[in-house]
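Subject: Structure handover

Hello,

My notes follow below it.

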Amino acid sequence: MKQVKFYLLNQANSDGVSATEMQACELAASAWREGKRVLIACETEQQALNIDEQLWARNPDDFVPHNLSGEITTYPTPIEISWKGKRNAQRRDLLISLQQEIPDFVASFNQVIDFVPSNEAEKAVARERYKQYRQMGWQLSTENA
């Protein structure tokens, strides 16, 4: 059964990086350590660059192999960072969605992570995505971040 987990965020942005972006990086790193291939779908190219920078800024012992969509790599990396209109077609196990709307390619995934930010306007948008996933028949769960 297709599953989506919503993470409830209770903190705001810090140092120019959103709580959502920070949590997405941690979850992607954790999924990679479990052997999963991950797509982080960002809303904008700038957000993808922020995620890329966050992953590069990790301690060397916590390095996470990743690339931005469209970058030429010798071998496919386990974590791809995409944005609207830019995505490679490689098969991935987990979608971490930072997009305001459910991506049109979501059906190709069995596992999705989404977020409910603390900002009220963004929270309302997340509730709509939750309803849409439920209407599509996905198994839903929530977890505090």
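I start with one residue and its partner. Glu43 is partly exposed, with a relative accessible area of 22%. Here buried means under 20% relative accessible area, exposed over 50%, and partly exposed in between (1.4 Å probe, protein chains only).

First, the ground rules. This is a predicted model, where local features need pLDDT of at least 70, side-chain atom pairs count only at pLDDT 80 or more, and totals for chains, interfaces and linings use all residues. Residues are numbered from 1 along each chain as its sequence is written, and side-chain values use heavy atoms, with hydrogens and water left out.

Salt bridges

A search of the whole structure gives 8 salt bridges. The criterion is a side-chain nitrogen of Lys or Arg within 4 Å of a carboxyl oxygen of Asp or Glu. Helices (H or I, at least four residues) and strands (E, at least two) are DSSP runs, numbered from the N terminus.

Glu43 has Lys84 as a partner, with the closest N and O atoms 2.9 Å apart. This pair links distant parts of the chain. Lys84 sits in the loop between β4 (79-83) and β5 (94-97). Glu43 sits in the loop between β2 (38-42) and α2 (45-56). The two are 41 residues apart. Lys84 is partly exposed too, at 40%.

Lys5 forms a salt bridge with Glu143, and their closest N and O atoms are 3.2 Å apart. Again, distant parts of the chain are linked: Lys5 is in strand β1, Glu143 is in strand β7, and 138 residues separate them. Both ends are partly exposed, Lys5 at 28% and Glu143 at 35%.

Lys36 and Glu34 also meet through their side chains, at 3.9 Å from N to O. Lys36 is partly exposed, with a relative accessible area of 23%. Glu34 is exposed, at 57%.

The sheet

What is the order of the strands in the open sheet? The 7 strands run β3-β4-β2-β5-β6-β1-β7, with parallel pairing. The edge strands are β3 (66-68) and β7, and each pairs on one side only. Two strands count as paired if DSSP finds at least two bridges between them. Neighbouring strands are turned by 20° against each other on average, direction ignored. For that angle, axes are lines fitted to C-alpha atoms (for helices, over the stretch in contact), and angles run from 0 to 180 degrees between N-to-C directions.

β6 is mostly covered, with 5 of its 6 residues buried. It pairs with β1 in the parallel sense over 6 bridges. Within that pairing, Phe6 stands opposite Asp114, and Gln3 has Gln111 as its bridge partner. β6 also pairs with β5, in the parallel sense over 3 bridges. There, Leu95 stands opposite Val112.

Pockets

A grid search at 1 Å over the protein atoms alone separates two kinds of space. A cavity is a set of points where a 1.4 Å probe fits but cannot get out; a pocket is an open set with protein on both sides within 12 Å along at least five of seven lines; lining residues have an atom within 4 Å of a point. Grid points are joined across faces, edges and corners, and a volume is the space filled by probe spheres set on the points.

The largest pocket has a volume of about 350 Å³. Its lining holds 21 residues, and the closest to its centre are Ser18, Thr20, Gln100, Pro117 and Glu122. α1 (19-33), β6 (111-116) and α3 (120-135) each supply at least two lining residues. The largest share, 3 residues, comes from α1. By class, the lining has 6 nonpolar, 10 polar and 5 charged residues. Ala, Val, Leu, Ile, Met, Phe, Trp, Tyr, Cys and Pro count as nonpolar, Asp, Glu, Lys and Arg as charged, and the others, Gly among them, as polar.

The second largest pocket has a volume of about 240 Å³. It is lined by 16 residues, and nearest its centre lie Lys5, Tyr7, Lys36, Gln111 and Ile113. β1 (3-8), α1, β6 and β7 (139-144) each give two or more residues to this lining. β1 gives the most, with 4 residues.

Best wishes
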